[in-house]
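Visitor: I am new to protein models and would like to learn how to read one, a feature at a time. Could you guide me through this one?

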Amino acid sequence: MTTTHTTSATQLPSVVQERQRRAKLRRNMFYLVLLAMGLVAPFVAYPVFLMKILCFALFACAFNLLLGYAGLLSFGHAAFLATGGYVTGYLLASYPGLTPELGILAGTLMATLLGVLFGVLSIRRQGIYFAMVTLALAQLMFFVFVQSSFTGGEDGLHGVPRGHLFGVIDLSSNLAMYYFVFAVFVFGFAVIQRTVHSPFGQVLKAIRENEPRAVSLGYNVDAYKLLAFVLSAALAGLAGSTKTVVFQLASLTDAHWHMSGEVILMTLLGGVGTLLGPLMGAGLVVSLQHLLAQSPLGNWVSVILGIIFVVCVLSFRSGIIGELAKMYRKNFK
Amino acid sequence: MTMIFGVPMAVFMGQLTLGLVNGAFYALLSLGLAVIFGLLKIVNFAHGAQYMLGAFAALLGFRYLGINYWLALILVPLVVGGCGMLMERFLLRRIAHLDHLYGLLLTFGLALIFEGTLINLFGVSGARYETPAILQGGLNLGFMFLPTYRAWVLVAALAMCLFTWFMIERTRLGAYLRAGTENSQLMQAFGVNVPLLITLTYGFGVGLAAFAGVLAAPLYPVSPTMGSSLLIVVFAVVVIGGMGSILGAILTGLGMGIIEGLTKVYYPEASNTVIFLVMILVLMLRPAGLFGKEA
């Protein structure tokens, strides 16, 4: 008896380790395939369209970090997207010597600062109040953007130059621009992936599952939530800044509460709390908007998004990636 | 002419009345949100859309069915509230057992559907709803000119708030509602039909929004987007006041309306944002809200 016990006790960890190692290998292979697809994509599809998807995917991934892993539903993420976009757009348009990466850096920094401000205020309330506070703060920013002179008010900023990356690479070519955007997305995604699987990410999940218990275990819950919020805001700002460089404009659409709703929909449709869900959701929503805009149903976009919202909440809560993962687990394990 | 802090008395009083009227709408809408939140524990994101539907129902009822203002004031809340009950019965109930954030998302989706559909049917530019003849014109109070309709809105909204307070605090049905807010499972164990109570409560809250919509129809342009921007301000009002008490909701609503009105007099640039700034101040000093109980 004792011998079997000891052998199984020594064997078990190695079996588990082996399984984990294989899972990790599979995951890495999968990411490599995705990376390859991303590199080939601009030769298959229209690069500007792909860039739009990537910018919104980064935005949705940033949002998902907060909702999916910290359990915080922010209804004001449009403010960060718009702040990044406006600051970058303003700087690049007014200082022709400035290179795009510095403009994007500045936009991201401003969004991060705003994230600290919003975060400190909004994590004072929980659940539904958190959503309302973030929505109200974002609406405040919307009015600030409407009334400020640097944003161009109702007209927005147009003709922002793409410039030369690091002063060398000309971004006016869509292909060069695409690879830059792709690199930004991969960077953002890697940050999120790393965060989620770090001890910090584990604590976030603990807070999401049971906040009082996390408090009683001695974690400074507010500090964790704030850090997650700021990180999410920074990445949303990065998405906004990059988007401004790609499309050479920044407008109030990005600051409107519809945008905050759209990013929720992308995340929900793809799968809340899955790493790839927001990418999938952003791809679907952007493609849908693109298709509808050319069809006779063009005016019904917001109604159709609303219907998808309702259907998702009623019967599809894990999202596409979430449902696929469930099916995979049921059938292959 | 009398001056108050460097502003003519008439202008000051005029803006104060405007602020009070806006405040009455904030109060009515946040009251409806609070009633719904109390029992269903969801934030009704469709509240702004339902307010807008109330205004549109009054407009269309008058245009196509010849329903006059007074009849609309009674009928529209019943009809829109009835639609609300159907929404609760067939949609919200299916997700009642889940995290309450899903309720917020579902009602958000519904708000998008309502708003988008009406934009397609009627466009974004507002339509005018004629003020009923009796309420046209105004009173000259000597120190100011008081438009009759605004005075009526103030009276009607406050009467409705009072009626709601009476219903909840002084009737048997209201006692059920309060008990259900405390512990709905225990209520059900005592033999009260809680699902029906929930449906009625949601219908009542939606009816309040539709009532506010009818009141607003002669005052503001009736447009599909009239509800959404108002709702965000109402959310801020709710955060400021907390959803704990009915009186709190009414007082906060009126108070915020007055603050907004006065800002229009003294610093018009900030009139859109002042309520959000007050919200930030309250969050810093008293995170639970002025009348809030939860931490």
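Visitor: Where in chain A is the place of A:Arg125?

Guide: This is a predicted model, in which local features need pLDDT of at least 70 and side-chain atom pairs count only at pLDDT 80 or more. Residues are numbered from 1 along each chain as its sequence is written. A:Arg125 sits in the loop between helix H4 (100-122) and helix H5 (127-147) of chain A, where helices are DSSP runs (H or I) of at least four residues, numbered from the N terminus.

Visitor: Is A:Arg125 buried or exposed?

Guide: Buried means under 20% relative accessible area, exposed over 50%, and partly exposed in between, with a 1.4 Å probe and protein chains only. A:Arg125 has a relative accessible area of 1% and is buried, and its side chain reaches the backbone oxygen of B:Val239 at 3.5 Å.

Visitor: What is the relative accessible area of A:Ser216?

Guide: For A:Ser216 the value is 60%, so this residue is exposed. A:Ser216 is found in helix H8 (residues 211-216) of chain A, and a polar atom of its side chain lies 2.8 Å from the backbone oxygen of A:Arg213.

Visitor: At what angle do the axes of helix H2 and helix H10 of chain A cross?

Guide: Two packed helices are described by the angle between their axes and the distance between the axes. Here the axes of H2 (residues 47-70) and H10 (residues 257-270) of chain A come within 9 Å and cross at roughly 80 degrees.

Technical notes
Chains lettered and ligands numbered in written order. Heavy atoms only, no water. Axes fitted to C-alpha atoms, helices over the stretch in contact; angles between N-to-C directions. Helix = DSSP H or I, 4+ residues; strand = E, 2+ residues; numbered from the N terminus. Polar contact = N/O pair within 3.5 Å; in protein donor to acceptor, adjacent residues only side chain to side chain.
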